[in-house]
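Please look at the chain below.

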Amino acid sequence: IEGFENETADLTIYELTVVLPALSNGLRTKLGKQNAVTNKEIVAGLMKNRGIQVTEARVRKIINYIRNRGIIPCLIATSTGYYVATDKKEMVDYIDSLLGREEAIRVVRESMQAQLRHFTQS
């Protein structure tokens, strides 16, 4: 994505072979909202304590990889952090949240496309 090349680049060999396994092992233990862990906590605590270097942006990228491949089923994120959902309602609520954000992004995109006409008319 233009302007976010470092954040959105494909995972490196280091991230796939070192960061991903460590992150996955840690996240698997975060069962239920009460055990949620924030991105900042992952980077500052869990990763640095193991000598693993990773940024918050790259943690998000790796978590996206984990979720899209089902490596940790039901891994969700809320304002309290990342955790593994332990009941169906948590998953349904999370999916509803994703749908709402997806709709909000679509509305902004459509508005920007309409505004783009200002440049083609002048």
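## Cys74 and its loop

Cys74 is partly exposed, because its relative accessible area is 33%. The classes work as follows: buried means under 20% relative accessible area, exposed means over 50%, and partly exposed lies in between (1.4 Å probe, protein chains only). Cys74 sits in the loop between helix H4 (56–68) and strand S1 (75–78). Helices (H or I, at least four residues) and strands (E, at least two) are DSSP runs, numbered from the N terminus.

The backbone at Cys74 deserves a look. Its phi is positive, at about 65°, although Cys74 is not a glycine. Most residues other than glycine have a negative phi.

## What kind of model this is

This is a predicted model: local features need pLDDT of at least 70, side-chain atom pairs count only at pLDDT 80 or more, and totals for chains, interfaces and linings use all residues. Residues are numbered from 1 along each chain as its sequence is written, and side-chain values use heavy atoms, with hydrogens and water left out.

## The whole chain

The protein chain holds 5 helices and 2 strands. Their order along the sequence is α-α-α-α-β-β-α. The chain is more spread out than a compact globule, because its radius of gyration is 18 Å, well over the 14 Å that the globule rule gives for 122 residues. That radius is taken over C-alpha atoms, and the rule is 2.2 Å times the number of residues to the power 0.38. Along its principal axes, the C-alpha trace spans about 55 × 35 × 25 Å.

Of the 122 residues, 28% count as buried. Contact means heavy atoms within 4.5 Å. Among contacts in the chain with a separation of 6 or more, 61% come from residues 24 or more positions apart.

## Surface and charge

The accessible surface of the protein chain comes to about 8300 Å². Carbon and sulfur atoms make up 57% of that surface. Areas come from the Shrake-Rupley method with a 1.4 Å probe; for residues, only the protein chains shown count as cover.

The chain has 17 positive and 14 negative charges, and their mean positions are 4 Å apart. Lys and Arg count as positive, Asp and Glu as negative; His and the chain ends are not counted. Each charge is placed at NZ of Lys, CZ of Arg, CG of Asp or CD of Glu.

Glu15 belongs to helix H2 (residues 13–28). Is Glu15 buried or exposed? Glu15 is buried, since its relative accessible area is 8%. Leaving aside neighbours within four places in sequence, Glu15 is in contact with Asp10, Leu20, Pro21, Arg58 and Ile62.

Ser24 is also in helix H2. At 5% relative accessibility, Ser24 counts as buried. Which residues does Ser24 touch, not counting those up to four places away in sequence? They are Ile66, Ile71 and Ile72. Ser24 and Ile71 are 47 residues apart along the chain, and their C-alpha atoms are separated by 7.9 Å.

## Helix H3: Val43

Val43 lies in helix H3 (residues 39–49). Val43 is buried, at 10% relative accessibility. Residues up to four places away in sequence aside, Val43 touches Lys48, Val54, Thr55, Glu56 and Val59.

## Helix H5: Glu90 and Glu103

Glu90 has its place in helix H5, which covers residues 88–121. Glu90 is buried, with a relative accessible area of 16%. Not counting residues up to four places away in sequence, Glu90 touches Lys33, Ile76, Tyr83 and Ala85. The C-alpha atoms of Glu90 and Ile76 are separated by 8.6 Å; the two residues are 14 apart along the chain. The side chain of Glu90 makes a polar contact with the side chain of Tyr83 (3.4 Å). A polar contact is a pair of N or O atoms within 3.5 Å; within protein, one must be able to donate a hydrogen and the other to accept it, and residues adjacent in sequence count only if both atoms are side-chain atoms.

Glu103 is in helix H5 as well. Glu103 counts as partly exposed, at 37% relative accessibility. Its side chain makes a polar contact with the side chain of Arg106 (2.4 Å). Glu103 and Ser79 are 24 residues apart along the chain, and 19 Å separates their C-alpha atoms.
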